[in-house]
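Subject: Handover of a structure, with findings

Dear colleague,

Please find below the structure that I am passing on to you. My notes on what was found in it follow directly after it.

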Amino acid sequence: MGRAFWSVVGFSCLMVAWQLFPDLSPAVAATSSTRTASATTGAETPPIQITAERVDYLRDREVYEADGGVVIVQGGLRLTADHVTLETLTGKLVATGHVRLMEARSDMWAERLELNVNTEGGVVTNGQLYVKPSNSYVTGRLMQRFSEDHYRIKQGTFTNCDAQEGAIPAWRFRFEDLDLVTSESIALKGGWLCVNDYPLIPIPTFTYPLAVRRTGFLIPLVGYDNRFGLHLEETFYWAIDHSQDLMITPTYFSDLGYGSDLTYRYMLNRQSKGQWYLSYLQQTKLPNVSGVDPNSQDVKKARGMLSGSHTHQVNPDLLVRAQAFLVTDPNYLQQLSNSGALRASPSGESNLLTTQRLARGNLYLLGQYLQPLQSGGTDTFQRLPEIGYSLPSVSLLGSPVLLGMDADAVNFYREKGFTVNRGEVVPGLSTNLIELDHMVGLTPQIKVREVYYTRGAQSEDSIHRETFWAAMDVTSKLARRYGMGDGGGLLHTIEPSVIYEYVPGTRQSNIAQIDQVDDLPKKNLLTYMLRNRLLERTSTGGSFNWLDLTLAQSYHVGAVQTAARDFAQGAIPVLGSATQPLQPAAVSVDGRKLSDVWMRAVIGNTAPPYGPTQQAFARSGAGVSLPPGAMLPNINQYLTIDAFFDPYRGTFSQWNTDLRVQEESNWYVEIGQRYTRDGNRVRRGDIWNPVSFNEVFAPTPEIQFVTAGGAFRTPWGWTVGAKGYYDVKNGTSPEYDIVALYQNPCKCWSLGLYYLQFPDRAQYNFMLNMTGIGWTESFGTEVVKAILSPLLIGERGLPWASPGGPYGRPRTVRPTVDQQ
């Protein structure tokens, strides 16, 4: 009984002492009755919140031990594990059992983690790391952590491929050693590229950037075509600083030569930016294209091209723009370019434009140089320089009369032949719309044009010409709205207009015909236009164009046209040369009182606005949102018709159509047709009025042309598309393109194929993309992108930059220059 009594007394005293003096507890483990504790490891580090089923504090060592569902939170760091030990003096944390470390840019899983919460350094055993910005997944037997963004990893794997848990990624790198900076780059040694976990390509050492703008080599390009043979290309990207970069691209063609391309881009500030491209080729063999004599001795020569632009907003009112396009020889694009548009370019234009906004109007200074390619020569006129002023319509002394004016002076220079200076002043008077009973509106207008030349086409004497343009525009608008049951409605509008124009005849035979200012034929014309529109407004605020139909025709009140200007190839001009006609050739025509009837009909939306439906569609494929204002490929359906009807023959003189139909992201078809009957060509508009038909050009042969394109998805991961051009009249095809793209189920890699057939050449190649690493690119990339993008918009894993980019990267093919 005594023992029991003293035991009870001793236990009671101990409990009293515990309650009164908790800080005098012995240096042995004492159990806290709570599941949450707070700790501080340093004055400059955030406090640590510890939550677990059990938290023990060893005061003599200042150590916290937590067991069972442990959660550690420190600032943006969150750690979960089965057991955690934290030394508050050193900041050392040891976590074991189902360890997961979550941070803003990464997630980590491990068997064991040693981490210093003060320095963020530590060691990970059998860890897995997921880097969110680049979608990179890394595993390693041992990971040395230097910071949140820097790791050194031994014996592991690296991939950007999304595989289901437990599944083998489509591709990944195995390595012995890897240095990873999550915001910059990776560098591995002793690696293999594994496809479906089968070692395929040995990689002794490999480095590439994870950030978009890092100095290094881009993925090399290997290709082949029947013109130039094997094509090898490698690009070194130099991120000079945050506002400029340079790409150096050595190239080699086995059947053409070797050279290099330079691309320099800069953004000095928000007001000044530019991009310049220089291509150099040391030709060692003649290009295998049409028009090249295989017996020519002119084989070994240097060829090149310079193109680029610069824009500088000096101040809110002063803007300077420069553009250059120069080649070493006129046949450069025709023989070497894969672009049909560039090969058909008549000239290359370089210019320097300065515009100054004034309190009243705008002032500009222009210098323009045209390098002859398909047409022109040393006698081609250049604008060096041109200065002009434009005054928008302003009220004249507070009256309803509006005054406007345009004036310019230009020096036309050329290497061969005479030069000439021209100055013109065009003041004009008009009024605001004059309404008659709110049904009809009248707008009278008059412009006087005074033009001065320092010399004529055949004489050195100065000449001048005066003329004027008088017009009366009569317009009206009828509208009716029809309600619909869902809250939307239909808006039907009819807009008729009639304009009468008069320009007196002037003598032009002694004037050098350089541009349309020099060609002002007599005009006594009445033109009517009728526009009919049917627009649907939905209850959600969207719109759809059901019909937009325009009809227009002109009537010659005075005499009809008796001669037409002839710009056909080989036509001998009245004055000048074939490369620079001063008075174009003319042929006799039988003029008519009534012009052909112009008709343009649009059914559907040719350019729908960027709306929620398209945004949701784009996100559904990629899981990324598009930046505001981003332009999407056409994913709509429409039919456009543009035609001229000859009322005298009762047939169409021109008939052009474009039809586009798309079924969501599964398939689309585009068909275009161009037909022009042999005979006179109607001139659409002139310097006075863009919708008038006062003239016809000389007769030309019949044209029949068809374009067709489309693409579709297959159940096997392939998206296939094609586009072709066919000359029905001559039975030839100037170009057709066949493309295909394979995406594996998780879209972590893709393979693109393309075949481009030109009249004298064929090109075929492939494109490879490994999501998160990069892709190969070439001229064919743009062709594949143009044909397949309507079905693949917003998806990831494409061999080109898609809206939002792979895993949210910028929408550029190559690294972009940062904006300040």
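Within the protein chain, confidence is highest in strand E28 (residues 420-431), with a mean of 96, and lowest in helix H4 (residues 612-622), with a mean of 39. These values are pLDDT, the predictor's confidence in each residue on a scale from 0 to 100. Helices (H or I, at least four residues) and strands (E, at least two) are DSSP runs numbered from the N terminus.

The model is a predicted one, in which local features need pLDDT of at least 70 and side-chain atom pairs count only at pLDDT 80 or more, while totals for chains, interfaces and linings use all residues. Residues are numbered from 1 along each chain as its sequence is written, and side-chain values use heavy atoms, with hydrogens and water left out.

Confidence and overall make-up

The average pLDDT of the protein chain is 83, and 87% of its residues score at least 70. Two stretches call for caution. Over residues 608-631 pLDDT stays under 50, and the model has 37 contacts there beyond four places in sequence; contact means heavy atoms within 4.5 Å. Over residues 804-820 pLDDT also stays under 50, with 71 contacts beyond four places in sequence. Where pLDDT is low, the predicted coordinates should not be read in detail.

The secondary structure of the chain consists of five helices and 51 strands. The chain has 820 residues, of which 43% are buried. Here buried means under 20% relative accessible area, exposed means over 50%, and partly exposed lies in between (1.4 Å probe, protein chains only). Among contacts with a separation of 6 or more, 50% link residues 24 or more positions apart. The accessible surface is about 42100 Å², and carbon and sulfur atoms contribute 59% of it. This area comes from the Shrake-Rupley method with a 1.4 Å probe; for residues, only the protein chains shown count as cover.

The cavity

The structure contains one cavity of 30 Å³ or more. The largest cavity holds about 100 Å³ of space. Its lining comprises 13 residues, and those closest to its centre are Pro521, Arg683, Asp686, Asn694 and Glu695. A cavity is a set of points, on a 1 Å grid over the protein atoms alone, where a 1.4 Å probe fits but cannot get out, and lining residues have an atom within 4 Å of a point. Grid points are joined across faces, edges and corners, and a volume is the space filled by probe spheres set on the points. By class, the lining of the largest cavity divides into four nonpolar, four polar and five charged residues. Ala, Val, Leu, Ile, Met, Phe, Trp, Tyr, Cys and Pro count as nonpolar, Asp, Glu, Lys and Arg as charged, and the others, Gly among them, as polar.

Buried positions

Gln743 belongs to strand E48 (residues 732-743) and is buried, at a relative accessible area of 6%. Beyond its neighbours within four places in sequence, Gln743 has contacts that include Arg713, Trp749, Glu795 and Arg796.

Gly404, in strand E27 (residues 401-413), is buried at 13% relative accessibility. Its C-alpha lies 5.2 Å from that of Pro392, a residue 12 positions away in sequence. Not counting residues up to four places away, Gly404 touches Leu391, Pro392, Ser393, Val426, Pro427 and Gly428.

Thr431 is part of strand E28 and is buried, with 18% relative accessible area. Residues up to four places away aside, Thr431 touches Pro400, Val401, Leu402, Thr443 and Pro444.

Ser243 sits in the loop between strand E18 (236-241) and strand E19 (244-253), yet counts as buried at 6% relative accessibility. Ser243 and Leu268 are 25 residues apart in sequence, with 5.9 Å between their C-alpha atoms.

Backbone features

Most residues other than glycine have a negative phi, and most peptide bonds are trans. The bond between Leu384 and Pro385 is cis, with omega about -10°, and Pro385 is located in strand E26 (residues 382-395).

Glu120 is not a glycine but has a positive phi of about 70°. Glu120 lies in the loop between strand E8 (106-116) and strand E9 (122-131) and is partly exposed, at 34% relative accessibility. Asn196 also has a positive phi, near 50°. Asn196 is placed in the loop between strand E13 (185-195) and strand E14 (198-209) and counts as exposed at 54% relative accessibility.

Yours sincerely

Terms used. On a 1 Å grid over the protein atoms alone, a cavity is a set of points where a 1.4 Å probe fits but cannot get out, and a pocket is an open set with protein on both sides within 12 Å along at least five of seven lines; lining residues have an atom within 4 Å of a point.
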